[in-house]
Each structure stands twice: as C-alpha cells, then as structure tokens.
Amino acid sequence: MKKSLKFITLICILALCIPYIVSIPSAAASEENSSGSEESYVTREQFCEMLWEKAIRKDINNTEETKILMASPFTDTSNISVYMLWSYGIVLGTGGTTFEPDDFITHEQCALLLFRTVKYLKLDTFLSSENKKIIDIEDVSEWAEESVLVMYNSNIINIAVDGKIYPDSYINNDYAETMISNVNSLKDKLNIAKESFYKKLLTEVESASNGNYCISPLSIKMAISLALNGAAGETYNEIEKALGITDIEELNKSLNNLMKTYGEGNTLIFDIANSIWLNEDKSGECTFKDSYKKTLLDYYSAKAGIVNDKNALEIINKWVSENTNELIRKILSDNDFGAALINALYFKGSWEKQFDPAKTTKEFFNNSDGTKTKIDFMNNTDYYNYYESENGVRVIELKYLTNNPEDKKDNGTDKSMSMFVILGGNIGETEEILNEAEFKRTNVSLSIPKFKIETSSNLSNLFKNLGIYSAFDKTKPISQICSMAEICI
C-alpha cells in the first residue's frame with residue numbers, strides 16, 4: 001500500500017541561495033589500454049607518484065617523513081609517495097618486504113589503488129556498487145573484482161571498445177592521468193555536496209522567486225531531517241547529500257541542542273515544534289514504527305498523532321495555530337494525505353536598541369520592478385556593528401535583547417540573536433559575507449521600512465532541484481516511517 005506524505009514546514013523567519021550537477025568524465029579507452037610502446041607504460045612507482053601528487057598530496061614536515069620512511073616495510077624502494085600511500089593503507093606491496101616499483105602497473109592494480117584512494121578520501125558515497133553497465137569480470141583476479149566493478153560503474157576506469165576488461169593490460173600515462181582526474185571530479189562533487197545546505201537552498205529559492213519572500217532555511221532543514229530519519233536506500237542518500245551531511249546522528253544531536261539552547265525564554269522567544277500525523281482513513285492499517293517515533297521524540301520532541309478525514313483539518317490546524325502564537329492559523333486545506341510531518345517555528349524578539357515611534361516617517365520604498373511605494377520607515381542613529389566591503393557590500397547587525405544578560409552563555413553557547421541587514425552582494429553569498437565581515441562599532445543613521453510578508457509555496461520542486469528525487473517516486477518509498485504501508489512524498 002503506497003500512501004502520500006505531506007511535507008510541511010511553517011516558514012517564520014525572515015531571510016534575505018542552484019543545485020550543481022557535476023559530470024564525471026569517462027576515460028578515453030583505446031582498443032586495449034596497454035596500446036603504445038613500453039616507454040609509455042606507467043610503472044607501479046610512477047603511478048603512486050601521480051596518485052599522491054595529483055589526488056592526495058598533503059604537506060608533511062621532515063620529522064613526519066623520517067618516521068614514515070623508517071616504518072615502511074619495503075626494501076626495494078625509498079620513494080616517499082609509495083611510503084605515504086602505504087601509511088594510508090592504499091599501497092600494501094606484493095607481500096613481505098617487496099613492492100616491485102619498476103614493474104608496469106596493470107589495469108586491475110590501478111583499479112584497486114583507486115578504489116582504496118576513494119575510500120580513504122571518503123568519496124565512497126558517490127560510488128556505484130551495482131553492475132549497471134554489466135561487464136564480464138571473469139578474467140579479473142578475485143582480489144580485484146570488487147574494485148574493477150565499482151570503479152568502472154562509477155566512471156573512474158574504462159574498458160576497451162570491444163566491451164571487455166583486460167585486467168593484466170598495462171596503463172599508459174594519458175590513461176593514468178584520466179583515471180586520477182576522474183577521482184578528482186568526485187572530490188569536486190563532494191565539495192559541492194558539503195556546500196552549505198542553506199546556501200544551496202537560498203540560491204534555489206531566489207532563482208524561483210518573482211518578488212519578496214519570507215523563508216526559514218532552518219525550518220525547512222528540520223522538516224527534511226524528519227523525513228531523513230525515516231528514509232532508506234536512494235531516498236536516504238539523496239536527502240543526505242542535499243543536506244551536506246555524512247552522519248545523521250550528528251545532525252540529530254546538533255538540531256536537538258539548538259532546540260534546547262533557545263527553547264526557553266520570555267524576552268527572546270524562539271520556539272521550534274515538530275509533529276507527525278497519520279490519517280487512519282488514508283493509511284489503512286499503517287502505524288508509525290516505534291523506532292521512528294522514538295528517534296523523533298528523543299531528538300525533535302515530535303508529537304505523534306492519529307487523525308481521520310473528518311477531524312484532520314481541525315486538529316492539525318489547531319496544533320499549528322497554537323505553536324505559532326496564532327500567526328499561522330491554517331496550514332492544511334484538505335485531508336488528502338496518509339501521513340504528515342510538520343515543523344513550526346515561532347520567533348519574537350525586542351531590539352536591543354529600540355526605535356522611537358516618534359521618529360517614524362513616511363518615505364518612498366524602491367520596489368524591484370522600478371516602482372516606488374510610500375510606507376513607514378523606522379529611524380534611529382546610534383552605534384552599531386557595521387561592515388562595508390571593498391566591492392560595496394554593506395552589513396549592519398541589529399541585536400535582540402537576551403532573556404537574562406547574566407545567562408547569555410549556557411555551557412559555552414552564545415544564546416544571543418541578531419538580525420543582519422545586507423545591502424548588495426549575491427543572495428547565495430550570504431554566509432560568506434557574514435563570515436568574512438569585520439564589524440566595527442560605527443555611528444550609523446539607520447532607516448528601515450516596516451514590512452509584513454506572507455509566503456506560501458510548494459516545496460516539491462525545490463527539493464527536486466536540490467537533488468531529492470526518489471522521495472517522490474512511489475516505487476522508492478520512505479520505508480522506515482510506517483509499518484504495513486509504503487510512504488512517499
């Protein structure tokens with residue numbers, strides 16, 4: 001039984017970020033990769049040098065180098081590249097104390113070293129262990145079968161034009177360069193995956209926006225995290241990559257810590273609430289798995305509820321209203337769902353430097369379409385943390401009052417909050433701008449328009465543009481959420 005999952009996040013924070021697709025070039029295969037003269041073949045030692053210098057290279061001091069040289073078991077080479085790869089578990093030699101550095105390296109030996117390199121660099125999340133392209137590995141040595149299969153199906157190595165793999169064929173310099181370049185392409189892909197989720201999200205939202213919008217990247221991240229904890233297989237991998245994480249336990253702990261840090265207060269209110277709901281009229285005999293409910297309760301304090309077609313709108317909308325201080329009174333308009341994961345975020349703060357209502361003036365606001373609108377502007381002149389970059393980006397920090405100044409830090413965590421107003425720059429560079437900003441206390445005449453923004457949008461296309469496809473595929477359900485039914489978004 002396949003049921004639909006409504007994926008809901010209540011966007012309650014004002015935020016002022018393109019998915020990247022990296023193609024991995026394939027090696028240009030000749031009829032046999034060993035084509036060419038013996039002078040063009042690459043030796044085992046030469047390949048290690050290339051691999052070390054072009055894919056792994058790390059700066060080491062003389063003391064570290066000496067220790068590694070003394071520890072190495074090989075008696076027939078003193079090449080530092082070979083020794084470094086040995087120290088990382090990439091090179092094991094031919095047994096005993098020999099490495100045979102001057103022997104030509106074979107195709108299957110390359111595959112094994114590249115496979116170990118990818119593992120060492122923690123790039124294996126991008127590898128394919130399935131024999132999607134179906135190659136004959138009958139002639140491949142047993143110790144190299146997995147390496148050859150995975151490296152070929154992950155586009156790291158190639159095969160001959162006749163569709164065969166020649167495991168004992170020698171490798172020429174150009175092909176060796178291509179294989180290592182393919183590994184580096186995986187490194188680029190990892191860097192993109194690690195790129196801030198918030199940056200990717202804001203870039204995507206900005207590109208799809210036609211005007212002003214209000215968005216909470218944190219709220220969206222938390223809602224996706226609720227789904228990640230119930231996902232498996234391709235769906236899990238896609239959400240994990242979109243979030244730029246490699247450890248779900250660390251993700252759960254960090255979000256739980258954030259909720260605890262800001263969960264209490266009267267002056268500065270920052271409430272985060274999560275809930276999961278089953279519509280028994282649509283989900284049949286499905287029930288939330290105990291393990292899933294426990295994880296969401298332990299880390300996200302998520303309420304688990306059962307509704308039906310008759311009461312779903314009333315109960316869930318009431319929960320939403322209560323957890324947003326009635327700012328959002330309705331989130332569902334129909335009961336067409338089997339399960340719903342909801343995140344609600346409510347923030348209320350008071351300025352550390354108050355705006356005097358008597359100084360509010362009517363001024364023209366320049367709209368993005370070139371028109372002007374006369375609205376209220378709040379005004380104040382005071383010392384603020386201010387930054388202006390060489391290319392004209394200006395940033396000002398407006399601090400909020402904390403609950404108790406003496407309790408500002410709790411276990412080393414700064415519980416203060418600020419609003420940053422940024423003029424200029426690219427929306428996708430928000431984090432970089434704030435990280436690089438060197439703020440100075442500056443006397444600033446500040447004028448800010450009063451505004452109210454409401455945004456409603458379907459997040460499905462956004463998630464797909466972030467690389468989350470399988471979650472919407474009925475053949476690839478989020479299988480760890482419910483028993484007796486298969487859930488997809």
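The model is a predicted one, and its chain of 489 residues has 44% of them counted as buried. The secondary structure comes to 15 helices and 14 strands, while the chain exposes about 25,700 Å², of which carbon and sulfur atoms supply 46%.

**The nonpolar cores**

- The largest nonpolar core holds 61 residues, and within this core Ile 220 and Tyr 300 are the residues that touch the most other members. Helix H8, which runs over residues 217–228, gives this core its largest share, namely seven residues.
- In general terms, nonpolar side chains in soluble globular proteins tend to be buried together.
- When residues up to four places away in sequence are left out, the contacts of Tyr 300 include Met 222, Ser 225, Leu 226 and Asn 229, and they also include Leu 251, Asn 252, Leu 255, Met 259, Asn 274 and Thr 295.
- Ser 225, one of the residues that Tyr 300 touches, has its place in helix H8 and is buried, with a relative accessible area of 0%. Apart from residues up to four places away in sequence, Ser 225 touches Leu 243, Leu 251, Leu 255 and Tyr 300.

**Helix H4**

- Helix H4 covers residues 107–120, and at 1.5 Å a residue its 14 residues should span 20 Å, which agrees with the 20 Å that lie between its end C-alpha atoms.
- Because ten of the 14 residues of H4 are buried, this helix is largely enclosed by the rest of the structure.
- After H4 comes Lys 122, a residue whose phi is positive, near 60 degrees.

- Lys 294 forms a salt bridge with Asp 298, and the closest N and O atoms of the two are 2.7 Å apart. Asp 298 is partly exposed, with a relative accessible area of 41%.
- Both Lys 294 and Asp 298 lie in helix H12, where they are four residues apart, or about one turn of the helix. An α-helix has 3.6 residues a turn, so residues three or four places apart point the same way.
- Ala 304 lies ten residues from Lys 294 along the chain, and the C-alpha atoms of these two residues are separated by 9.9 Å.

**Salt bridges among the strands**

- The count of salt bridges in the model comes to seven, and the two pairs below involve residues of strand E7.
- Asp 382 forms a salt bridge with Lys 353, with 3.7 Å between the closest N and O atoms. Asp 382 lies in strand E7 (residues 372–388), whereas Lys 353 lies in the loop between strand E5 (339–348) and strand E6 (361–366), so the pair ties together parts that are 29 residues apart in sequence.
- Both partners of this pair are partly exposed, Asp 382 with a relative accessible area of 28% and Lys 353 with one of 23%.
- Lys 362 and Asp 376 also meet through their side chains in a salt bridge, at 3.3 Å from N to O. This pair links distant parts of the chain, with Lys 362 in strand E6 and Asp 376 in strand E7, 14 residues apart.
- Lys 362 counts as exposed, at 52% relative accessibility, while Asp 376 is partly exposed, with a relative accessible area of 26%.

**Cysteines**

- The count of disulfides comes to zero. A disulfide is a covalent bond between the sulfur atoms of two cysteines.
- For Cys 48, the closest cysteine sulfur is that of Cys 110, and because the two sulfurs are 9.2 Å apart they are too far from each other for a bond.
- Cys 48 is buried, with a relative accessible area of 0%, and Cys 214 is likewise buried, with a relative accessible area of 11%.

Conventions:
Residues numbered from 1 in each chain as written. Predicted model: local features only at pLDDT ≥ 70, side-chain atom pairs only at ≥ 80, totals over all residues. Heavy atoms only, no water. Disulfide = S-S within 2.5 Å. Buried < 20%, exposed > 50% of the residue type's maximum accessible area, 1.4 Å probe, protein only. Core = buried A, V, L, I, M, F, W, Y, C linked by side-chain atoms within 4.5 Å. Contact = heavy atoms within 4.5 Å. Areas by Shrake-Rupley, 256 points an atom, 1.4 Å probe, with all protein chains shown as cover. Expected span 1.5 Å × (residues − 1). Salt bridge = Lys/Arg side-chain N within 4 Å of Asp/Glu carboxyl O.
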